[in-house]
Amino acid sequence: MDTILTVDNLHINFYTNNRCNEAVRGVSFQLKKGRTLCLVGESGCGKSVTASSIMRLLPPLSRIEEGEIIYHTDQGDLRLHELDPNGPEIRSIRGAEIAMIFQDPMTALNPVYTVGFQIREAFMYHTKMAAAAMKEKAVELLRSMRIPAPEQRVNEYIHQYSGGMRQRAMIAMAMACNPQILIADEPTTALDVTVQAQIFDLMNDLQREHNAAILLITHDMGVVAELAHDVVVMYMGDAVENGPVEEILTKPAHPYTSALLRSIPVLGQSKSQKLEPIRGSTPDPYNRPKGCQFRPRCDFATEKCLQDPETFDVSADHTVKCWHWEKVLANA
Amino acid sequence: MLTYTLRKLLMLIPMLLVITFLIYVGLELTPGDAVSFMVGPDALANMSPERLNELRDALGLNDPFIVRYFRWLGRALQGDFGYSLTSGVPIKTIVFSRLPATLELSIAALIVSTILGSILGMISALRKGSVLDVSLTVAGMVGVSIPQFFFALVSILIFSFNLGWLPSGGRTLPGYTTFLDRLPHLVMPALVLGATMTAGVMRYSRASMLDALSKDYIKTARSKGLPEWRVNLMHGFRVALTPVVVLVGFRLPMLIGGSVVVEQIFQWPGIGKEFVAAVRGQNLPLVMMIALFTVAAVLIASFLVDLVTALLDPRIRLE
């Protein structure tokens, strides 16, 4: 299968208040054409930072310290991590080759411009379309996103849209130039469950039509089960486990993944289902534990865990960063 | 948009009515009435109360308050605002000869301070933490704190007395007919009048711009591959402008109030100077009418501000 994006050993630091926060510390994964990769993890684990760094949209006080982000095009490889974050090269990729949708479309779309104008902006810098053609294309995009009365809606403002329609307008904007990669940063967290399902349907259809690769960021395991082909589990800036969705969900090899799965309520099970929360809480990123980051909360922890875990191969495309992964597998 | 404009316009009418009523109550509360001013003090002493009453009847001064108010309002609507007590000149003549000068000064100050203030504030926000930003912030603090009269006197000393670049006062000279001829006279008073407001607008637009730049849609705009200038100007500044316009609207009354001091110092023949003279001479009808015109000007200006904010922000148009 064609790999379109490779992230290798990515390290990102944030420098605020004269302190350094290692937000991402060694994340690696490969995004493949026509497949959906889910970045899973709790708030603050670095999944959004990883996603933003691909587009070079990190905030001013942060920096890619180490590692590579490589975009594989037909013309050859583009080393995104080496580009100037405000330069013309990355700008010609943003929106055209890699597009992004955000968690809350109400705040992610500009309130003072019409939806149509904001879609047309993407055309202005990536195509040579005439004004009339842009207008027509914007209406067409809204129609393909199943927004009713698109001719009228295209001239309306975001506050006139409903929640689900806003996110669909956002996706329309992202898909305007047929990007190869769509990065979706928790696209349904702000939406109703029923609307969530519609958005996922839409994303599935888009993937089938355009053979786009989707990088989906979420903390919702239900979403992972429904959409993902591949999963990367993140904890405290580390990609602790990486593999195809069936293996991750049924045979988790990292204690954090398995604990995460045990803590999810299952619909239809009786009230007697016992939820097992993960004990303890996430450590302070400025005061990290030594060795494995999950050690203080882990049932399998031993002396060995004081050393940084190596990456082990569970199967051909399933890797895990845990000294005791075999015990975790056997225990499950 | 049209219904919004009409609704705002219709709301002006009751507001103006309330204000005219308050002004009329103010006039009523002033000691004496027209008769006591029309008849000289010597003649007044020799007149019988019956004769005075006849005079009052003839002038309609004995009618109930509300009747007299509407009669006064009717006359005012026809442009008859009464007479100045000190000179006997119709108030209408005074106001219409002085108002244009004040409007010229205030509008010039308003335009300068709004444009300068918002652009400096934007630059300050884009360069947050830089030497430029810090110096602009300090200049803004100083600008807000310096009293206008002091600023006016210092600039006269520097630009008129020492450098001789600009005239120290007045609005025009004999033979100066076009606006361009008069422009040098306008520069200093307008800048002094606008200085405090420039500083205020600058600090406000800096905060507003920083707020806009921290929003998600800025990241969205960047993620579309838009160039930085477009992200900053069209997505950041455009949104940051709405609160700034509202601030400018709130500052309008201060601008007109402030012109009283500035007109006095620069000998600007505006309504503010006339206002000071009228207060000193206890020329109450003139004071009241000038107050009425000032309030009306403020109301109309705030109506215009409402229109501009609605144009800038579509969310305001539909309540």
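The crossing of α8(B) and α9(B) is right-handed, and it makes a handy way into this predicted model. Helix α8 covers residues 148–162 of chain B and helix α9 covers residues 179–213 of chain B; their axes come within 10 Å and cross at roughly 145 degrees. If you want to see who meets whom, look on the α8(B) side for Q148(B), F151(B), A152(B), S155(B) and F159(B), and on the α9(B) side for M188(B), V192(B), A195(B) and T196(B). Sorted by class, that contact has six nonpolar residues, three polar ones and no charged ones.

Take A169(A) and set aside its neighbours within four places in sequence: A169(A) is then in contact with P105(A), L109(A), V115(A), L142(A), I147(A) and Y161(A). As background, nonpolar side chains tend to be buried together in soluble globular proteins.

Staying with chain A, have a look at I248(A), which lies in helix α10, residues 245–250 of that chain. Is I248(A) buried or exposed? I248(A) is buried, because 29 other C-beta atoms lie within 10 Å, and 20 or more is enough to count. Not counting residues up to four places away in sequence, I248(A) touches V231(A), V233(A), E241(A), G243(A) and T257(A). Q307(A) is another story: it sits 59 residues from I248(A) along the chain, and the two C-alpha atoms are separated by 24 Å.

Now for how chain B is divided. The domain assignment gives domain 1 (2–77) and domain 2 (91–317), and the C-alpha centres of these two domains of chain B lie 35 Å apart. The domains do touch: 13 residues of domain 1 of chain B are in contact with 13 residues of domain 2 of chain B. On the domain 1 side of that contact you'll find eight nonpolar residues, four polar and one charged.

The two chains meet as well, through 19 residues from chain B and 24 residues from chain A. On the chain B side, the elements giving two or more residues are α10 (216–223), α11 and α14 (314–317). Of the elements on this side, α10(B) supplies the largest share, six residues. By class, the chain B side comes out at six nonpolar, four polar and nine charged residues.

Most residues other than glycine have a negative phi. Where does the model show positive values instead? One is N178(A), with phi near 50 degrees, in the loop between α7 (163–174) and β7 (181–185) of chain A. Another is Q267(B), not a glycine either, with a positive phi of about 50 degrees; Q267(B) is found in the loop between α11 (228–265) and α12 (271–280) of chain B.

Note on methods
Residues numbered from 1 in each chain as written. Chains lettered and ligands numbered in written order. Predicted model: local features only at pLDDT ≥ 70, side-chain atom pairs only at ≥ 80, totals over all residues. Helix = DSSP H or I, 4+ residues; strand = E, 2+ residues; numbered from the N terminus. Contact = placed C-beta atoms within 7 Å. Nonpolar A, V, L, I, M, F, W, Y, C, P; charged D, E, K, R; others polar. Buried ≥ 20, exposed ≤ 12 C-beta atoms within 10 Å, placed from the backbone. Axes fitted to C-alpha atoms, helices over the stretch in contact; angles between N-to-C directions. Left-handed = near helix turned anticlockwise from the far one by under 90°. Domains from an automatic or database assignment.
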